[in-house]
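Subject: Structure for your review

Dear colleague,

Please find below the structure I promised to pass on to you. My notes on it follow.

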Amino acid sequence: MNYKETVNYLYKCTPVFEHVGASAYKEGLSNTIALDHHFGHPHTLFRTIHVAGTNGKGSCSHTIAAILQAQGLKVGLYTSPHLVDFRERIRVNGEMISQDYVVSFVEAERAFFEPLHPSFFELTTALAFKYFAEQHVDIAVIEVGLGGRLDCTNIITPILSIITNISLDHTQFLGNTVAKIAGEKAGIIKPGVPVVIGEATPETRPVFLQKAAEEHAPITVAEEQQEIESHEILPDGRLRYHTRHFGNLTGELGGIYQLKNASTILCALRVLGLDDHNAIREGFAHVSELTGLTGRWQNLRQHPHVVCDTGHNVGGWQYLAQQIKNQPCDKRHIVFGMVDDKDIDHVMDLLPKDAVYYWTQATTHRAIDKHIVAQKGQVHQLQGTTYDTVATAYEAAMTAAQPNDFVFIGGSSYVVADLLSYLQTTQKQ
């Protein structure tokens, strides 16, 4: 098989959560343990940092990896989902795993893993750990896939655990209260391993404190440390942070929600004892270049100003909606679609009423039908037109937008994935 055939085989032979949702979720670590044993426990051959949370774990993982790279370390980075290419999930110093390695792994190991019937994520995690070990990385930043306690990344014993925040998401798996979800995320807290909590609420704080006490794990709540004294949004959309211990930092990642992420990251660096200010400045300023991160308040062009963002739940949209409303422009155009396990009504409550909407659906079976999205939009007094694909919705928005307008594309990671794939194909970015 060539690379394309191999990836298609992985999608077809293993249940993929991003494609089919709940039926791909496998509770328990039996497959993960079997795969880990088969490959000789590769995750024990390098240090790790483990990152969980409802929102922000991708940005935090990439930024921490960028800072460690800027320090001169060889850094593995495991994240999900990917937007355009499967290989985005597994990187070493920003370079994606090679197509040949993916093909060789599947060809050599399918006789072992096929009888196990692993999920896509279980198999991908095993591939990542094996690859990082063979690449002799100094450290790997590992993003939790779903939850924490039963996530297949949770076989690692990291040098630091991070839980960014908790909000209602994936409630069918993790529980229908923030306390229950916090309990699942807290499952990554390991004996004696420091843990940084980005944000804690009256409901989640006791959960984290109790778990940390049980594991004798030193715990720090980032928002209580007030590491960021003030901030400002620069004309190009970047954020400048004035910090207590690291001087002034310019963050490449736009989006006002990055303020919370930056606080978590800086607190994590303090706990790690990392005080290389040059590396920290470099990592914050060049995270996309260093790690390949896309889709976080990503500026695609000016005149009109076009931005996409992978925020996809109420917790993320509380910040996105505010920033969209604050954009200086003559008119707002929003290309929007969501998937079926998200709280679309509460997200729509947050959307600006004065925007023109381009209702669409991504190329995933989990996408909410564009006509249903449009109907819900009408209920929330949001006016727009339906389009069959993200590409046609985007082109319609671009045709309608004037130079001083603002165009936003999002609502789901898969909407952004379709957009970036389309732009990559047409070279219109």
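How many residues does the largest nonpolar core have, and which of them have the most contacts inside it? In this predicted model, that core has 35 residues, and Phe86, Ile90 and Phe132 are those with the most contacts inside it. At least two residues of this core come from each of the following elements: helices α1 (3–13), α5 (99–113) and α6 (120–134), and strands β3 (90–92) and β5 (139–143). Helix α6 is the largest contributor, giving 10 residues. In general, nonpolar side chains of soluble globular proteins tend to be buried together.

Phe132 deserves a separate note. Leaving aside residues up to four places away in sequence, Phe132 touches Phe46, Gly76, Leu77, Tyr78, Ile90, Arg91, Val92, Val137, Ala140 and Ile142. Another core, of 29 residues, lies apart from the largest one; Leu68, Ile228, Leu269 and Leu274 are among its members.

I also looked at Thr291, which is found in helix α12 (residues 287–291). Is this residue buried or exposed? Thr291 has a relative accessible area of 1%, and because buried means under 20%, Thr291 counts as buried. Its contacts, again not counting residues up to four places away in sequence, are His62, Ala65, Ala66, Gln69, Leu77, Arg91 and Gly94. Thr291 and Asn93 are 198 residues apart in sequence, yet their C-alpha atoms are 6.6 Å apart in space. Leu77 and Arg91 are touched by Thr291 and also by Phe132.

As to the chain as a whole, the protein has 17 helices and 17 strands. A compact globule of 429 residues would have a radius of gyration near 22 Å, and the chain agrees with this, at 21 Å. Along the principal axes, the C-alpha atoms fill a box of roughly 55 × 55 × 40 Å. Of the 429 residues, 59% are buried. Among contacts between residues at least 6 apart in sequence, 71% join residues at least 24 apart.

Finally, some remarks on surface and charge. The chain exposes about 17,300 Å², of which carbon and sulfur atoms supply 49%. There are 34 positive and 46 negative charges, and the mean positions of the two sets are 1 Å apart.

With kind regards

Definitions and conventions: Residues are numbered from 1 along each chain as its sequence is written. This is a predicted model: local features need pLDDT of at least 70, side-chain atom pairs count only at pLDDT 80 or more; totals for chains, interfaces and linings use all residues. Side-chain values use heavy atoms; hydrogens and water are left out. Helices (H or I, at least four residues) and strands (E, at least two) are DSSP runs, numbered from the N terminus. The radius of gyration is taken over C-alpha atoms; the globule rule is 2.2 Å times the number of residues to the power 0.38. Buried means under 20% relative accessible area, exposed over 50%, partly exposed in between (1.4 Å probe, protein chains only). Contact means heavy atoms within 4.5 Å. Accessible areas come from the Shrake-Rupley method with a 1.4 Å probe; for residues, only the protein chains shown count as cover. Lys and Arg count as positive and Asp and Glu as negative; His and the chain ends are not counted. The place of a charge is taken as NZ of Lys, CZ of Arg, CG of Asp or CD of Glu. A nonpolar core is a set of buried Ala, Val, Leu, Ile, Met, Phe, Trp, Tyr and Cys residues joined through side-chain atoms within 4.5 Å.
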